[in-house]
Amino acid sequence: MPDSLTAFTDHHALNRWIAECAELTGTTDIYLCDGSAEEAESLSKKMVTDGILEPLNAETFPNCFLHRSDPRDVARVEDRTFICSPDEGDAGPTNHWMSPDATKALLRPLFASSMVGKTMYVVPYLMGPVGSPFAKVGVEITDSPYVALSMGIMTRMGRVALDALGTNGEFVLGLHATNDLDPANRYICHFPAERLIWSVGSNYGGNALLGKKCFALRIASAMARDEGWMAEHMLLLELTDPEGEKTYFAGAFPSACGKTNLAMLVVPDALAAQGWRVRTVGDDIAWLHVGADGRLWAINPEAGFFGVAPGTSPKTNPNAVATVQSNTVFTNVAVTETNEPWWEGLTDTPPGEFLTDWRGNVRPASDTSAPFAQPNSRFTAPASQCPSISPEFDAPGGVPIAAILLGGRRRDTVPLVAEAFDWNHGVFLGAVMASETTAAAEGAKGVLRRDPFAMLPFCGYHMGDYFAHWLSMGKRIPTPPAIFHVNWFRRDADGKFLWPGFGENVRALIWMRERLRGNAGANTTAFGNVPPVSAINTDGLNLTAERLEAALAVSPGEFAAEADSIETHFARFGDRLPPELRKQLAALRGRSASGV
Ligand code: GTP
Ligand code: SPV
Ligand code: MN
């Protein structure tokens, strides 16, 4: 091993690993990222020169860039994502599994010589606030400057991570090679026992930014099971009430089902005038620990937003629009004649006469044959630029969670909001969550599937054990949060959303807040405690009582059918399904049979 390699960092094991990766990939050009603004600037400059990034309008979108990905590489690939635990049984029925040895034998040739003549970026990053006892270090080795730049936005990257690592700290290793992006040679592999990630053949966010889903959910969920905490696919938000008291919510919704939007919610005028306010702590991932005070405390391990562009507008999510005005990388959006980013929903109609679509084709703005922006096009932006970011975003200890939200995209059956009867019933609601699939992953869209706790694609171990972990956490948390279920996506007979959503969703949060204080009414239903129309604050809401009623309705007959489908879902987990969940299912059957 050349001396220059051993001296890369002060951390001996990291130096050794850098050298091993260099040898495997055949690079002689190793660059250690420091996370400075100058470094980000030189990375983006080089990518512009190399045609990987295009600068956007420098006046209206300073330091913003467009990246067009390979058209075959636009979303997470669940079919090619593997949990490589030593024992197949530990991956469970919901994950793809390969043995660690077979995986390495398969992938080593794909990494071998993959970086000859290329720069190998060593990206140290910290997941969690600086100084947080809950923060963890990762190191991603990648040949992609797009990944290095994006990791600089999405995490606390560079020097700060090496400082946290010291000379012998623990870290999660990630090795990523772009190769030719051939989907047939794409593998996203996790070795939970070794705290290791190997990703090859994709440059897309969740497949390639290894701090995000790969570490902060798949590897971290396995760590959390071992260590008695929780790594969840959850937004974090702060609701301030008219008395100035703050309530913190954590919310698990599947991919592209509204986490970013809820976290950045702008309170409608009539309610803002009453003193309600929402601020953002996180939009995708939460790490939750039991605090010394007996409550559950959450940090957002990320430092940026990798948000869905389509549907984001000054009306639906003004905070996101403000966040992405500078220092943002847009991936697979369209661009206008004035070289500004555009996507479906940003404005009612595309501006100007022509747009360049996400594939780089110039098309008349009137062309409706295909979307201009890829449906899973994204923005990568620093959280610090978000006007609604909470001062607690950087708090080392995190925020105390009073309520957990669960939710999905359900066109029918599931009411706007319901409260779980208790922790175990809440775990049942999480375990049976279902949602229509979206563009965030490759595969069919709009298909209803069970996505427990929005973790189906992200749990790093057997999901039956994961349910058991949730149940056991209820016993470990002396003051557990209340659990609620929401559905912003119920539709009427014409296929229109019953509920206006977005900022109006705060009305559901307000009901929950009042419920926590014992001030709000509810009806017991098969699904949970559901507010009557009269318990929802409708000041300034432009919605008929009939539509609100329909959004809140629970039909015992529909839940009898739902129970049958849950039976099938539960059968997958065999004897690793906790008996408590069978009891909960029987109780659901009992309630729907008695007509509530
Ligand atoms: P990931 O980043 O993939 O995990 O997604 P996410 O859960 O953060 O979803 P996001 O907030 O980006 O929303 C996804 C899509 O749903 C966007 O097109 C939003 O405009 C739309 N959406 C979000 N909230 C609502 C809502 O309350 N009602 C309706 N009708 N659509 C919504
Ligand atoms: C999701 O798909 O849930 C995302 C985007 O948040 S990704 O980083 O690709 O996972
Ligand atoms: Mn997500």
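**Note on the two ligand sites**

1. An oxygen atom of ligand 1 is 3.5 Å from a polar backbone atom of P254, a polar contact being a pair of N or O atoms within 3.5 Å (within protein, one must be able to donate a hydrogen and the other to accept it, and residues adjacent in sequence count only if both atoms are side-chain atoms). A polar backbone atom of G258 is 2.9 Å from an oxygen atom of ligand 1, and a polar side-chain atom of K259 lies 2.7 Å from an oxygen atom of ligand 1. On its own, ligand 1 has 660 Å² of accessible area, of which the protein covers 92%; accessible areas come from the Shrake-Rupley method with a 1.4 Å probe.

2. The model is predicted: local features need pLDDT of at least 70, side-chain atom pairs count only at pLDDT 80 or more, and totals for chains, interfaces and linings use all residues. Residues are numbered from 1 along each chain as its sequence is written, chains are lettered from A and ligands numbered from 1 in the order in which they are written, and side-chain values use heavy atoms, with hydrogens and water left out.

3. Around ligand 1 there are 22 residues, of which A256, K259, N261, P310 and R378 come nearest; a residue is near a molecule if one of its heavy atoms lies within 4 Å of it. By class, this shell holds 10 nonpolar, eight polar and four charged residues. In this scheme Ala, Val, Leu, Ile, Met, Phe, Trp, Tyr, Cys and Pro count as nonpolar, Asp, Glu, Lys and Arg as charged, and the others, Gly among them, as polar.

4. Ligand 1 lies between domain 2 (232-303 + 390-593) and domain 3 (305-385), because both give residues to its shell. The domain bounds come from an automatic or database domain assignment.

5. A polar side-chain atom of S255 lies 2.5 Å from an oxygen atom of ligand 2. Taken alone, ligand 2 exposes 280 Å², and the protein buries 98% of that.
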